[in-house]
Amino acid sequence: FFSCIFLFSQMMYWVMWAMGMYSVLWMFSLTNVWAANILAKIQLFALGFTHMILSRDSKWDKKGDSEIVKNMEPLDSRRIIFVRHGESQWNEVFNKGFGPSFPVRLASAMGEETMMLMNGD
C-alpha cells in the first residue's frame, strides 16, 4: 500500500514539475521566438502522441471496386515512377556501424536536433 502511495507521489512530483516548466516556457514564448518555436513543437508532439494512443485506426474496412473500375479494359503498358527520399541525419548516424565513432556521431546528431528545436520549420 505504501509503495503505491510513494509511486503516486513521485508521479505527481514529475507532473507538477512538467506543468511548471510548460508554464515558464509559455511565458517566455510571448516575447521570445525560440521559446515560441519550442512550445509549438512540444504541442505538436503532444498532439501526435495523444492521437497515437487514442486512435482506433488499426484496421479499415475494405471497400469493393467501383463499377467504373470493374468495367475498364486492361492497359497495354503502365508507367511506374519510384520516388526516393534523401538520407536523413539519423540514417547517417546508424548506417555507418557501431564502432568507436558512433558515440561522436550520435552526440553530434542529438546536438543538431536540439538546435533545430528553436527553428520554426
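Let's start with glutamine 10, which sits in helix H1. Keep in mind that this is a predicted model.

**Glutamine 10**
- With a relative accessibility of 33%, glutamine 10 falls in the partly exposed class, because that class lies between the 20% limit for buried and the 50% limit for exposed.

**The nonpolar patch and helix H1**
- About 1,200 Å² of surface belongs to a nonpolar patch whose members are Tyr13, Trp14, Trp17, Met21, Tyr22, Val24, Trp26, Met27, Phe28, Leu30 and Ile42.
- Helix H1, residues 2–29, supplies the largest share of that patch, with 9 residues.
- Tyrosine 13, one of the patch residues, is part of helix H1.
- Its relative accessible area is 48%, so tyrosine 13 is partly exposed; the cut-off for exposed is over 50%.

**Helix H2**
- Helix H2 covers residues 33–54, which makes 22 residues.
- At 1.5 Å a residue H2 should span 32 Å, and the 31 Å between its end C-alpha atoms agrees with that.
- Where H2 starts, asparagine 32 has a side-chain oxygen within 2.8 Å of the backbone nitrogen of tryptophan 34.
- The buried residues of H2 include Ala35, Asn37 and Leu39.

Key. Residues are numbered from 1 along each chain as its sequence is written. This is a predicted model: local features need pLDDT of at least 70, side-chain atom pairs count only at pLDDT 80 or more; totals for chains, interfaces and linings use all residues. Side-chain values use heavy atoms; hydrogens and water are left out. Patches are made of residues with over 30% relative accessible area and no salt bridge: like charges are joined within 9 Å, nonpolar side chains (Val, Leu, Ile, Met, Phe, Trp, Tyr) within 5 Å. Accessible areas come from the Shrake-Rupley method with a 1.4 Å probe; for residues, only the protein chains shown count as cover. A salt bridge is a side-chain nitrogen of Lys or Arg within 4 Å of a carboxyl oxygen of Asp or Glu. Helices (H or I, at least four residues) and strands (E, at least two) are DSSP runs, numbered from the N terminus. Buried means under 20% relative accessible area, exposed over 50%, partly exposed in between (1.4 Å probe, protein chains only). The expected span of a helix is 1.5 Å times one less than its number of residues. A polar contact is a pair of N or O atoms within 3.5 Å; within protein, one must be able to donate a hydrogen and the other to accept it, and residues adjacent in sequence count only if both atoms are side-chain atoms.
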